[in-house]
Amino acid sequence: MQGIDYLPAADLLGHSAPLEYGAEYPLLGVRLAIRSNSAAVIACAEQSFGHWRAVAASLIAPLPLRVARIVVHAGVQPYTPRAPFTPRAHSGSLLAASGESLLAVHMEHGSALAFVTPELVADTQHFRYHVLESMALALTSWHDRVPIHAGAVVRNGRAVLLAGQSTAGKSTLCYACVRDQFQLLAEDVIYLSSQQGLRLWGHARHIHLLPDARRFFPELAALAPQIQANGKYKLAVDVAGLGAGRLRHMAEQALVCLVQRAAGTHSALEPIAPQQVIDALCRRREPGFDLFAATEPLVDGLARGGAYRLHVGSNLAHAVALLRELTDLPAGRAA
């Protein structure tokens with residue numbers, strides 16, 4: 001694999017590498033700086049975070065700047081493409097390593113450091129997912145940005161949180177909504193903040209669908225599935241390519257739908273109690289999500305904006321129509 005250009009360190013440990021390249025982004029409404037000794041790293045950061053510059057200055061939290069330093073440093077062993085990263089976390093710190101590349105994120109202190117090989121940076125998708133975005137989201141979400149495993153779409157300024165098991169079809173429903181003029185806030189992870197009122201933040205550029213989704217969406221017939229950075233074999237749909245304004249960064253009004261498949265029946269909405277949402281989203285949190293403070297108060301506030309169980313039947317368009325009805329009332333200010 002072809003490497004990339006970088007300013008090398010004069011020592012074996014890499015501490016003298018000059019971090020002359022940099023950029024800043026308001027990721028999740030939190031100021032983040034990326035510093036590196038390679039312009040290729042900053043180019044990847046622009047791909048991952050450049051669209052966040054559209055966030056209004058009034059939405060950026062008055063928090064100290066978070067800084068991620070990424071040093072490109074030559075290894076001595078052959079590079080293994082797509083080798084997995086092994087993460088570990090303790091006491092407000094996150095560590096991960098793969099081969100001769102490693103990273104350390106000190107969430108409590110708002111700083112991160114990574115040493116990566118030039119071959120890993122050249123493997124752009126893998127580098128962005130496992131290093132760049134992993135570090136950046138850990139830094140910016142630690143204070144008042146609690147991650148919840150769910151997707152979310154927005155219409156009329158009102159977000160609909162779509163939660164459910166991995167087989168519930170959340171991504172398929174997200175795409176069906178986006179092609180019907182909804183905006184995408186998040187495909188898989190939503191971040192809740194409360195210090196300036198309850199807000200939902202999302203970091204998404206693509207929707208990832210199983211290959212058989214092409215039978216529902218003829219326009220995807222020519223899109224080939226590929227192994228994604230997380231190892232899953234899926235279609236990656238660029239949401240920005242669907243039209244201007246399809247991506248959303250933040251929403252202030254929301255309701256929650258617990259999604260479950262109901263094949264062979266009609267789609268239906270069933271009002272549920274907020275406690276059912278809390279039980280679904282806060283009990284037995286997955287690894288990584290359980291690093292954060294208790295989520296019950298945030299999720300309770302979210303569910304009180306409206307809580308439903310959405311039974312998605314054979315007619316996907318009917319499920320989207322039900323979500324349109326829920327979002328017919330206009331909401332507040334757009335992000």
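User: Axes are lines fitted to C-alpha atoms, for helices over the stretch in contact, and angles run from 0 to 180 degrees between N-to-C directions. At what angle do helix α5 and helix α6 pack?

Analyst: The model is predicted: local features need pLDDT of at least 70, side-chain atom pairs count only at pLDDT 80 or more, and totals for chains, interfaces and linings use all residues. Residues are numbered from 1 along each chain as its sequence is written, and side-chain values use heavy atoms, with hydrogens and water left out. Helices (H or I, at least four residues) and strands (E, at least two) are DSSP runs, numbered from the N terminus. The axes of α5 (residues 274-282) and α6 (residues 296-303) are 9 Å apart, and the angle is about 135 degrees.

User: How are α5 and α6 placed relative to each other?

Analyst: Angles under 35 degrees count as roughly parallel, over 145 as roughly antiparallel, 65 to 115 as roughly perpendicular and the rest as oblique. The pair packs at about 135 degrees. The two helices are therefore oblique.

User: What is the hand of the crossing of α5 and α6?

Analyst: A crossing is left-handed if the near helix is turned anticlockwise from the far one by less than a right angle, and right-handed if clockwise. On that convention α5 and α6 cross in a way that is right-handed.

User: Which residues of α5 and α6 make the contact, and how many of them are charged?

Analyst: Contact means heavy atoms within 4.5 Å. Pro274, Val277, Ile278, Leu281 and Cys282 of α5 meet Glu296, Val299, Asp300 and Ala303 of α6. Ala, Val, Leu, Ile, Met, Phe, Trp, Tyr, Cys and Pro count as nonpolar, Asp, Glu, Lys and Arg as charged, and the others, Gly among them, as polar. By class there are 7 nonpolar residues and no polar ones, and the charged residues number 2.

User: How is α4 oriented to α7?

Analyst: Helix α4 (residues 170-178) packs on helix α7 (residues 316-326) at about 70 degrees, with 10 Å between the axes. That angle makes α4, relative to α7, roughly perpendicular.

User: How many nonpolar residues are in the contact of α4 with α7?

Analyst: α4 passes α7 in a right-handed crossing. The contact consists of Thr172, Leu173, Ala176 and Cys177 from α4, and Leu316, Ala319, Val320 and Leu323 from α7. No charged residue and 1 polar residue take part, and the nonpolar residues number 7.

User: Which residues have the most contacts inside the largest nonpolar core?

Analyst: A nonpolar core is a set of buried Ala, Val, Leu, Ile, Met, Phe, Trp, Tyr and Cys residues joined through side-chain atoms within 4.5 Å. Buried means under 20% relative accessible area, exposed over 50% and partly exposed in between (1.4 Å probe, protein chains only). The largest core has 68 residues, and those with the most contacts inside it are Ile34 and Phe127.

User: Which helix gives the largest share of this core?

Analyst: The largest core has 68 residues. Its largest share is 8 residues, and they come from residues 124-141, helix α3.

User: Which residues does Phe127 touch, beyond those up to four places away in sequence?

Analyst: Phe127 is one of the α3 residues in contact with α1. Beyond those up to four places away, Phe127 touches Val41, Cys44, Ile70, Val116, Leu120, Val121 and Leu132.

User: Is Leu235 buried or exposed?

Analyst: Leu235 is in strand β16 (residues 233-238). Neighbours within four places aside, the contacts of Leu235 are Ile207, His208, Leu209, Leu210, Pro211, Arg214, Leu223, Ala224 and Pro225. At 0% relative accessibility, Leu235 counts as buried.

User: Which residues is Pro84 in contact with, leaving aside neighbours within four places in sequence?

Analyst: Pro84 lies in the loop between β3 (66-72) and β4 (86-90), and at 64% relative accessibility counts as exposed. Its C-alpha atom is 8.8 Å from that of Gly99, 15 residues apart along the chain. The contacts of Pro84 are Ala97 and Ser98.

User: What is the relative accessible area of Arg82?

Analyst: Arg82 is in the loop between β3 and β4. Its phi is near 60 degrees, a positive value in a residue other than glycine. Arg82 is partly exposed, with a relative accessible area of 36%.
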